[in-house]
Amino acid sequence: MNMIVTPASPATPNGTTRPQVRIVIVGHVDHGKSTLVGRLLHETGSLPDGKLEMLKAVSARRGMPFEWSFLLDALQTERDQGITIDTTQIRFRTNSRDIVLIDAPGHAEFLRNMITGASQADGAVLIIDALEGVRDQTRRHGYLLHLLGVKQVAVVVNKMDRVDFSADRFKEISDEISAHLNGLGVKPTAVIPISARDGDGVAERTDRIGWYKGPTVVEALDQLEPARPLEALALRLPVQAIYKFDDRRIVAGRIESGSLIAGDEIVIMPAGKIAKIKSVESWPVTPVAGRQGAGRSVGITLDRELFIERGDIVAHAGSAPRETRRLRARIFWLHDRPLAKGDQLLVRCGPKESRATVVAIEKAVDPGELSSSENKAIGRNHVGEIDISLSNSIATDPYTENPRTGRLVIEVSGRIAGGGLVLSVDAGQRAVPVDIVPVESALRPDERSARYRHNGAVVWLTGLPASGKSTLAKALERRLFTNGGLPILLDGDTLRAGLNSDLGFSTADRSENIRRLAEVATHLARNGHIAIVAAVSPARQDRATARRIADTTFREIHVATPAEVCEERDPKGHYKKARAGALASFTGIGNDYEVPQAAELVIDTSARTVTEAADEIERMLKATGVLFDEVVDLAANI
Amino acid sequence: MDHLDQLEAQSIYIFREAFARLKKIALLWSLGKDSNVMIWLARKAFFGKMPFPALHVDTGKKFPEMYRFRDHYGKEWDLDLRVEPCPPIDAVDPTLPPAARSAARKTEGLKMALGKFGFDGLIAGIRRDEEATRAKERVFSPRGLEGNWDVRDQPPEFWDHFNASPPQGAHLRIHPILHWTEADIWAYTKRENIPIIPLYLSQNGKRYRSLGDQDITNPVASTASSIDEILIELEQTKVPERAGRALDHETEDAFERLRVAGYL
């Protein structure tokens, strides 16, 4: 089992840090992988003292000519005996890079080992025997690289001595493998003719391959780009726990990417709550000053009390991860029972866990046979692409944007059964990803606001059933229209009759109902309307989602009429039905309405008239920049 | 971040995962250099307070210096210290060689403590570089109902995702310093100024590399009388860390048998 501990940045004598590149070497079993590894270690001066002599002695004892492959075999034996973890990664240096070679040996367990190690590789070397040419397994390994998202692949055509260093044979193989890789979306960075046994083309360009003008293997490795350092990516701090051991309330977790410092404005996903980092706490010295970067296990305190859960992700506002209940992943499967459509799973993305359902299996491939299975189930040690729907919202990134947060594992019966990479996240319920290019309006926001004398806004009225939301909303609509504005009423029940008719009243469906309301309202607001939403929207998290979608246009009004007054009014007879037990999932009786804590306005309709309440809303809209007091130079804008 | 920073951050991550995902955990404190580093890391992970007990499964045969250390730092570090005794030697498998049999008392004592407190997770300070069977360990290592370890059926563990659902009545061993080496432990002890038991430092040309029970632990030849000298010695020595541990050398599989049965 590999546990990849990122090695410390190796420093050069003059104090600069050499880039480190992780590569995996793959290829058919007899095509010379071990020999190339031995040769590379030798030619870069990376073999420990005495190793070469030991190999000579081992070869002599067996009555064989010198055999490089015994080097790797010896290391494998060491690993089988479990000496240390370091032997699973072989290190050597080129002129400008430190190379960490991730060994991916074995056939039966190939997938498990390769995925674990090579999913973190920055590049790969694919080796092909010049005599045998491109074999099935060569293509399989190419496919696996594609699966793992390894885009930089240097191809070496080995054993050129066996084809008399024929440039024609080399070109034939080069064309074939390039076409195959290109078909997978992988562009070879180089195709290099070599003889690993004799050293041609490994570190030196010998006369025998004098016709070849490209880089040697060592030069090709020297050109591989290290993965973007995690610190250069956007901040991702998945929350492991909230600790309250003393008067501090500490949000603890490991910075997976990016960096943070006290004073940063942050957003907590998926809920989208905003706060500022008050301090970075530590022990024995606290607080710690200075910027904390990727890899650090930290604890932060915030400038406000927010409900935060294990699995939430702290990010910087403006570069937050996507929130989703639906994603597509490329996975490998290790469990005895094949994974099938409809299966219920537990998915973990960092510390976040969510129940999930497999909605679709798009590809199911045996990487050994490279054949898609007909039954669309993913068998043990097979790979595939799946769509999953999650029972909770999670915050995640596609792995191409963030390799740390863009991966997941799947648990079955409390045991890890598979894992994979997040290909894409889907905020809606779309089954098939399509290219979307939003079309911008022909009008500028200021042109609209000049005409209507207000900015676009989402005025969100939340409160118990019969608290007076719709009555207020209609009064406000009439008032704004009379003044020449462009209001529009979005009533929760009305939209449920059409747009949201597919949704029920489960927690998940209620969330989705609110999300759609917020999306529609926000679209209208961006196009100059004042969208007045009247919806119970009992869940704080759902309203937080709405606020995040509508962003600065959002104005929340809590219609805080006392519950007993609401029940007494009961214009739709809902309370009565609910009391009689005939209305399941009714908000109002019971305690499932979560009172807003930071609404822009709170109105109790039992204490004032509709007109007074509308006045109050109008004042709030003026005070917060939605309505203009007077016409400002209309002519300049029309 | 330097090498020690990275080790520290990784161990803290593991501590926090164990605390978040298991119901009732304890840290096994053997009073040695590794478990002292663990307690230090736990206090870092939880901002000064280790929020679970330190469990010392006591054979009664430790060195007096170790008991003094336990009593002093148990208080100074504000630990919830639980000292649990081991059963007498007669209660242990008589087919084991003498030193292994003596050590196996600890396994039995551990099982009794598990039964008494109902821990579902035990944090243990083993390291991969110490010994071959430990190198095969997972970070979160499931144990059977008898505390036994099934080396042939270990769950996959990658990307710092750990299996943390022990079957009813069974427990997990959590290994937050599995990826450290002996030299890392000393370098970190020095950097953080963690107190140590003086037996680790050379006196009269000998010192203890590893501290176990008095009757089955021997010092090795060494002139290292400070941590700096220990670090230099470790760079040069070819003597394995557990050379002074009698039970490792009795029969080829003595240690493996102990570990499969639930020994650390």
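User: What makes A:Ser413 stand out in its backbone, and where is A:Ser413 placed?

Analyst: In this predicted model, A:Ser413 is in the loop between S20 and S21 of chain A; strands here are DSSP runs (E, at least two residues) and helices likewise (H or I, at least four), numbered from the N terminus. A:Ser413 has a positive phi of about 50 degrees and is not a glycine. Most residues other than glycine have a negative phi.

User: Which conventions apply to residue numbers, chains and values?

Analyst: Residues are numbered from 1 along each chain as its sequence is written, and chains are lettered from A and ligands numbered from 1 in the order in which they are written. Local features need pLDDT of at least 70, side-chain atom pairs count only at pLDDT 80 or more, and totals for chains, interfaces and linings use all residues, while side-chain values use heavy atoms, without hydrogens and water.

User: Which value describes the peptide bond from A:Trp283 to A:Pro284, and where does A:Pro284 lie?

Analyst: That bond is cis, with omega near 5 degrees, and A:Pro284 lies in the loop between S11 and strand S12 (292-293) of chain A. A cis bond also joins A:Met269 and A:Pro270, with omega about 10 degrees. Most peptide bonds are trans.

User: Why is the pair B:Asp5 and A:Arg296 called a salt bridge?

Analyst: The term requires a side-chain nitrogen of Lys or Arg within 4 Å of a carboxyl oxygen of Asp or Glu. The N to O distance for B:Asp5 and A:Arg296 is 3.6 Å, so the pair meets the definition. The count between chain A and chain B is four salt bridges.

User: How many residues make the contact between chain A and chain B, and how much area is buried?

Analyst: With contact meaning heavy atoms within 4.5 Å, chain A gives 53 residues and chain B gives 42. The buried area is about 4,100 Å², with 60% from carbon and sulfur atoms; the term denotes the accessible area (1.4 Å probe) that two parts lose on being put together, summed over both.

User: Why is H1(B) called roughly perpendicular to H6(B)?

Analyst: The axes of helix H1 (residues 3-21) and helix H6 (residues 182-192) of chain B cross at roughly 95 degrees and come within 11 Å. Axes are lines fitted to C-alpha atoms, for helices over the stretch in contact, with angles from 0 to 180 degrees between N-to-C directions. Angles under 35 degrees count as roughly parallel, over 145 as roughly antiparallel, 65 to 115 as roughly perpendicular and the rest as oblique; therefore H1(B) is roughly perpendicular to H6(B).
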